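Reader: I would like to learn how to read the packing in a model like this one. Please take it feature by feature.

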Amino acid sequence: MNPVNYLYLAALLFAIGATGVLIRRNVIVVFMCIELMLNACNLAFVAFSRLHGNLDGQIIAFFTMVVAAAEVVVGLAIIVSLFRSRHSASVDDASLMKL
């Protein structure tokens, strides 16, 4: 399979994730769409790495996965805090947490 096909798939996944972030109101769904966008970037990094014949893109994708794992921990803690205080997981309620 041609590496360009993987780039098309990465662009499609990124577009789906960006659409989900812009349209949806539920915090959990927005969070999953952000993770989908990160996975699309990882796929593009690995495809470019394969296209150029070096491991730089795969190393960057590995570090992106580490950052995404840390983001999951912090993001879910914020979502649980929001749900406990407002009894809702809506993006509109998140703006009410400001001081």
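Reader: How much of the contacts in the protein chain with a separation of 6 or more comes from residues 24 or more positions apart?

Author: The share is 51% in the protein chain. Bear in mind that this is a predicted model. Two pairs illustrate such separations. Val4 and Leu51 lie 47 residues apart in sequence, with their C-alpha atoms 8.5 Å apart in space. Leu43 and Ala10 are 33 residues apart in sequence, and 5.9 Å separates their C-alpha atoms.

Reader: What helices and strands does the protein chain have?

Author: There are 4 helices and 0 strands. Along the sequence the pattern reads α-α-α-α.

Reader: What describes two packed helices?

Author: The angle between their axes and the distance between the axes describe them. Take helix α1, residues 3-23, and α2: the angle is about 165 degrees and the axes are 8 Å apart. An angle over 145 degrees counts as roughly antiparallel, so α1 is roughly antiparallel to α2. The crossing of α1 past α2 is left-handed.

Reader: Which residues of α1 and α2 meet?

Author: On the α1 side they include Tyr6, Leu9, Ala10, Leu13, Phe14 and Val21. On the α2 side, Cys33, Met37, Cys41, Leu43, Phe48 and Leu51 are among them. By class, the contact of α1 with α2 holds 22 nonpolar residues, 2 polar ones and no charged ones.

Reader: At what angle do α2 and α3 cross?

Author: Roughly 175 degrees, and the axes of α2 and helix α3, residues 56-86, come within 9 Å. With the cut-off of 145 degrees for roughly antiparallel, α2 is therefore roughly antiparallel to α3. The contact of α2 with α3 divides into 15 nonpolar, 6 polar and 3 charged residues.

Reader: Now single residues. Is Asn42 buried or exposed?

Author: The test is relative accessible area, and under 20% means buried. Asn42 has 7%, so Asn42 is buried. Asn42 sits in helix α2, which spans residues 27-52. Beyond its neighbours within four places in sequence, Asn42 is in contact with Ala61, Thr64 and Met65.

Reader: And what does Leu43 contact, leaving aside neighbours within four places in sequence?

Author: Leu43 contacts Tyr6, Leu9, Ala10 and Leu13. Leu43 is also in helix α2. Its relative accessible area is 23%, so Leu43 is partly exposed.

Reader: Where is Phe31 found?

Author: Phe31 is in helix α2. Its relative accessibility of 13% is why Phe31 counts as buried. Not counting residues up to four places away in sequence, Phe31 touches Glu71, Val72, Gly75, Leu76 and Ile79. A further distance involves Val21: Phe31 and Val21 are 10 residues apart in sequence, and their C-alpha atoms are 7.9 Å apart.

Reader: Which residues does Ser49 contact, leaving aside neighbours within four places in sequence?

Author: Ser49 is in contact with Asn54, Leu55, Asp56, Gly57 and Gln58. Ser49 belongs to helix α2. At 3% relative accessibility, Ser49 counts as buried.

Reader: What about Val4: which helix holds it?

Author: Val4 lies in helix α1.

Reader: How many disulfides are counted?

Author: The count looks for a pair of cysteine sulfur atoms within 2.5 Å. By this rule the count is 0 disulfides. Among the cysteines, Cys33 is buried, at 12% relative accessibility, whereas Cys41 counts as partly exposed, at 29%. Both names are among the α2 residues that meet α1.

Reader: What share of the protein chain do buried residues make up?

Author: Buried residues make up 24% of the 99 residues in the protein chain.

Conventions. Residues numbered from 1 in each chain as written. Predicted model: local features only at pLDDT ≥ 70, side-chain atom pairs only at ≥ 80, totals over all residues. Heavy atoms only, no water. Buried < 20%, exposed > 50% of the residue type's maximum accessible area, 1.4 Å probe, protein only. Helix = DSSP H or I, 4+ residues; strand = E, 2+ residues; numbered from the N terminus. Contact = heavy atoms within 4.5 Å. Axes fitted to C-alpha atoms, helices over the stretch in contact; angles between N-to-C directions. Parallel < 35°, antiparallel > 145°, perpendicular 65-115°, else oblique. Left-handed = near helix turned anticlockwise from the far one by under 90°. Nonpolar A, V, L, I, M, F, W, Y, C, P; charged D, E, K, R; others polar.
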